[in-house]
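Dear colleague,

I am handing over the structure that we spoke about, and below it you will find a careful account of what was found. Please keep it open while you read.

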Amino acid sequence: MRGFLASSIGVTCAAALALPLTPPALAATARPVPATEAATPAAAYGSTQSLPLEPLTPDRVTPSAPSTEQGLPRRAVRHFSLLGVVWDDPDAELHGRVRVRTRAAATGTWSGWQDVETHNGEHAADPDTPERASGRVRGATAALWVGDSDGVELRVRSESGRAATNSAGSTSDARNLAAAPPLPSGLRLELIDPGEDQAPPSGTAPEGPRTSGPHSGASALTDASAANAGLAPLGATEITALSRAETGQEFLTLNAGELTEQQQKQAKPYVGPRPAIVTRRGWGANEGLRESGFRYTKKVRAAFVHHTASGNKYRCSQVPSLVRSIYRYHVKSMGWRDIGYNFLIDKCGKIYEGRAGGVAKPVLGAHTLGFNSNSMGIAVLGSYGTTKPSKAAVKAIARLSAWKLGLYGVNPKGKTYLKSAGGNLYRKGKKVRLNVISGHRDGFKTACPGRKLYGKLGSARSKAARYQGR
């Protein structure tokens with residue numbers, strides 16, 4: 001693999017209102033739009049509205065007893081399709097419930113109340129890494145996809161353990177509310193417009209990279225595409241699928257410098273056929289949003305499977321917009337250097353390139369707090385606590401894992417050891433034995449990837465091994 005990685009790393013240098021708000025009133029509640037965003041129409045490249053939450057129980061608010069309920073009354077806003085709540089301290093937890101209603105832009109109809117998944121801190125860069133310690137990272141809920149909307153109403157309530165347990169249908173009584181912990185400081189509602197469903201023109205990017213350096217927005221776009229050199233032409237919107245025989249030959253060619261002639265003749269690598277993968281250019285990534293450059297780990301020993309907890313009310317034709325929204329939410333709202341996952345899979349089984357740096361390379365992600373090194377993160381778009389994942393999505397997990405893990409000589413049905421960087425299950429420095437294809441909950445105490453998706457991982461392991469010819 002060294003020859004393969006060396007050649008790859010060499011290219012490195014997210015009921016209508018009766019009286020809608022006037023534009024001045026809306027502007028007063030929204031975060032000022034950066035000049036780089038203001039210079040480009042939101043419809044073209046997307047935008048973020050950031051609205052500070054307001055106390056909803058002012059009679060309870062005192063210096064010694066801060067608000068335990070915040071939110072926003074029903075209001076008109078600019079168009080958006082995805083939302084989430086963020087706060088100042090990335091290490092603070094929101095103990096309670098977040099509920100939202102939205103107004104469909106096409107019909108003016110208000111949705112019922114929807115819950116937003118509050119436990120999201122376990123999707124993050126590892127402790128002590130530059131990305132985690134950048135000073136820009138915020139605490140955040142999971143994102144929720146609501147489709148094209150132009151109105152919103154939000155309720156965030158802090159709840160004690162007993163109240164939170166019963167939050168599915170009951171309202172906390174006064175005793176539980178009084179005992180509830182304070183909400184995190186700096187709560188804001190983030191409303192994400194994904195922009196138009198097309199890739200930016202070649203060689204351009206509306207926003208420059210977030211960090212200073214030699215890259216311009218245009219060079220960042222070029223570098224992201226060049227990171228897949230050898231797999232697809234520069235600027236390609238998709239990396240095409242290969243047969244198993246073709247993939248094996250590609251593997252031998254890329255690693256020819258490490259194999260003797262005899263080894264090349266005898267070698268039959270256990271590599272699954274390369275699946276088709278939509279590139280970042282294919283889903284319309286604005287490369288100027290992320291930090292310049294790429295970050296790599298040593299190799300890929302394991303795959304962690306996630307769900308995005310963003311809801312299942314999306315059409316597969318909307319997925320490029322959904323991925324762009326998550327990307328913008330991770331970078332602009334949560335303060336990460338790029339989208340956290342290495343790959344994303346929709347319910348129709350299509351695979352999307354996630355964090356930039358090259359789909360065949362060991363790109364360091366921010367998906368499984370404590371176990372991002374020497375692993376990759378695969379996120380299935382949707383929520384799978386009570387909903388079964390599609391057969392197409394499970395098959396895509398298997399195909400992707402068989403190929404990517406095969407490049408590093410890893411058996412999808414095997415076990416591996418990873419060193420913990422710190423988390424709520426394993427202390428920092430502990431070597432942990434894990435399934436090569438694991439669920440997020442195997443490395444962190446979390447419900448992710450949802451009970452129904454987690455139950456399908458055994459099938460994914462078996463399928464992946466068969467794809468590798470084992």
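Which residue's side chain does a polar contact of 3.1 Å join to the side chain of histidine 306? The partner is threonine 368, where a polar contact is a pair of N or O atoms within 3.5 Å, and within protein one must be able to donate a hydrogen and the other to accept it, while residues adjacent in sequence count only if both atoms are side-chain atoms. A further polar contact, of 3.2 Å, links the side chains of histidine 306 and histidine 440.

This is a predicted model, in which local features need pLDDT of at least 70 and side-chain atom pairs count only at pLDDT 80 or more, while totals for chains, interfaces and linings use all residues. Residues are numbered from 1 along each chain as its sequence is written, and side-chain values use heavy atoms, leaving out hydrogens and water.

Histidine 306 belongs to strand β11, residues 302–307 (a strand being a DSSP run of E, at least two residues, numbered from the N terminus). Histidine 306 counts as buried because its relative accessibility is 0%, and buried means under 20% relative accessible area with a 1.4 Å probe, protein chains only. Of the protein's 470 residues, 55% count as buried.

Note on methods
Buried < 20%, exposed > 50% of the residue type's maximum accessible area, 1.4 Å probe, protein only. Helix = DSSP H or I, 4+ residues; strand = E, 2+ residues; numbered from the N terminus.
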